[in-house]
Amino acid sequence: MRGILKDQELPEVHMPSKPIEKVLKGQKALVTGADSGIGRGVAIALGHAGADVVVNYHKGEEAAEEVVEAIKQTGCKNVFAHQADVSQEDQVIAMYEKMFQEFGTIDILVSNAGLQQDAPLEEMTLAKWNLVIGVNLTGQFLCCREAVKEFKRRGVNKEVSCAAGKLICMSSVHQEIPWAGHVNYAASKGGIKMLMESISQEVAPHRIRVNSIAPGAIKTPINKEAWDTPEAYNQLMELIPYNRIGEPDDIGRAAVWLASDDSDYVNGITLFVDGGMTLYPGFTQNG
Ligand code: NAD
């Protein structure tokens with residue numbers, strides 16, 4: 001194993017002790033795919049930061065209600081779960097209508113819902129291709145479009161934020177790193193890069209900020225086979241210079257910063273939260 005720390009010295013769970021400050025007080029946030037993994041971590045972090053939160057889920061109603069309870073524990077009173085398939089235009093529009101009924105508006109979208117349907121190229125069916133592009137790319141397009149309509153209608157509310165709205169797209173290191181056997185997923189994330197940057201260029205004059213987070217390996221159900229045995233975990237560490245897996249809270253804290261006025265001059269960037277995975281670790285020993 002590469003690196004200074006040995007396996008047994010690696011902390012199992014990364015747990016920053018510093019509480020999240022209430023930098024999002026009074027802001028209304030929607031997190032898609034918030035019943036699991038990164039979306040769950042982001043929704044709870046936004047709650048800690050003082051935002052009111054809509055917890056979108058597709059199939060995991062019970063898990064979504066558990067996230068709602070966890071957010072209430074942070075002191076947040078305005079939080080509810082909403083079922084919608086983000087790849088379906090009518091369901092996305094209905095989700096925003098419900099949010100506007102309950103909260104009046106939206107300040108922050110974390111467009112996070114995503115999935116994998118892996119196969120070697122010649123075995124990749126059109127159904128697998130369409131499902132992944134539909135949720136990971138079209139879903140983000142639909143959710144961003146509806147949020148921008150409301151940001152533009154409302155404009156800046158100085159009581160709440162310097163910006164008229166914030167979009168945060170969940171990308172991946174695979175917007176940069178090609179991924180054999182996952183062409184649908186990698187293409188969807190490459191698409192997110194240009195979707196995010198083009199929207200950002202278009203709406204920045206309206207004081208709308210658009211950025212992405214590109215996680216590396218974060219410990220969630222989507223990549224369980226990459227971390228749930230010591231052998232798999234050690235193999236994964238070969239790809240991560242920082243020598244630990246990421247936790248949903250690592251992404252949650254990055255999302256709070258990107259959503260807050262602390263990052264008000266940050267537009268159109270992808271923030272890689274990956275323990276150095278995009279540093280080409282294969283070249284550590286001289287290539
Ligand atoms: P996860 O499987 O734990 O969560 C995925 C979420 O997406 C779930 O809440 C699921 O309900 C939701 N979802 C799936 N299809 C949906 C649909 N049609 N409509 C609405 N919601 C839907 O996985 P995760 O790791 O938390 O992934 C979240 C995001 O982070 C994804 O976009 C993924 O590509 C990205 N990501 C994850 C990692 C990682 O290492 N875990 C790395 C890079 C990027």
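Buried means under 20% relative accessible area, exposed over 50% and partly exposed in between, with a 1.4 Å probe and protein chains only. The model is predicted, so local features need pLDDT of at least 70 and side-chain atom pairs count only at pLDDT 80 or more, while totals for chains, interfaces and linings use all residues. Residues are numbered from 1 along each chain as its sequence is written, and side-chain values use heavy atoms, with hydrogens and water left out.

View 1. Asn243 is buried, at 3% relative accessibility. The residue sits in the loop between H6 and helix H7 (248-259); helices (H or I, at least four residues) and strands (E, at least two) are DSSP runs numbered from the N terminus. Its phi is positive, about 65°, although Asn243 is not a glycine. Most residues other than glycine have a negative phi.

**View 2. Arg207, in the loop between helix H5 (183-203) and E6.** Phi of Arg207 is also positive, near 60°, and this residue is not glycine either. Arg207 is exposed, with a relative accessible area of 55%.

**View 3. Asn223, in the loop between strand E6 (208-215) and helix H6 (230-237).** With a relative accessible area of 13%, Asn223 is buried. Beyond residues up to four places away in sequence, Asn223 touches Ala217 and Ile218, where contact means heavy atoms within 4.5 Å.

**View 4. The largest nonpolar core, of 38 residues.** A nonpolar core is a set of buried Ala, Val, Leu, Ile, Met, Phe, Trp, Tyr and Cys residues joined through side-chain atoms within 4.5 Å. Val42, Leu46, Val53, Val55, Ile71 and Ile213 touch the most other members. Elements that each supply at least two residues of this core include strand E1 (28-31), helix H1 (37-48), strand E2 (52-57) and helix H2 (61-72). Leaving aside neighbours within four places in sequence, the contacts of Val55 include Val31, Ala64, Ile71, Phe80 and His82. Another core, of 30 residues, lies apart from this one, with Cys143, Leu195, Val203 and Ile208 among its members.

**View 5. A nonpolar surface patch formed by Leu121, Leu126, Trp129 and Val183.** Patches are made of residues with over 30% relative accessible area and no salt bridge, like charges being joined within 9 Å and nonpolar side chains (Val, Leu, Ile, Met, Phe, Trp, Tyr) within 5 Å. A salt bridge is a side-chain nitrogen of Lys or Arg within 4 Å of a carboxyl oxygen of Asp or Glu. Together the four residues have about 390 Å² of accessible area, from the Shrake-Rupley method with a 1.4 Å probe, only the protein chains shown counting as cover. Trp129 lies in helix H4 (residues 126-154) and is partly exposed, with a relative accessible area of 33%.
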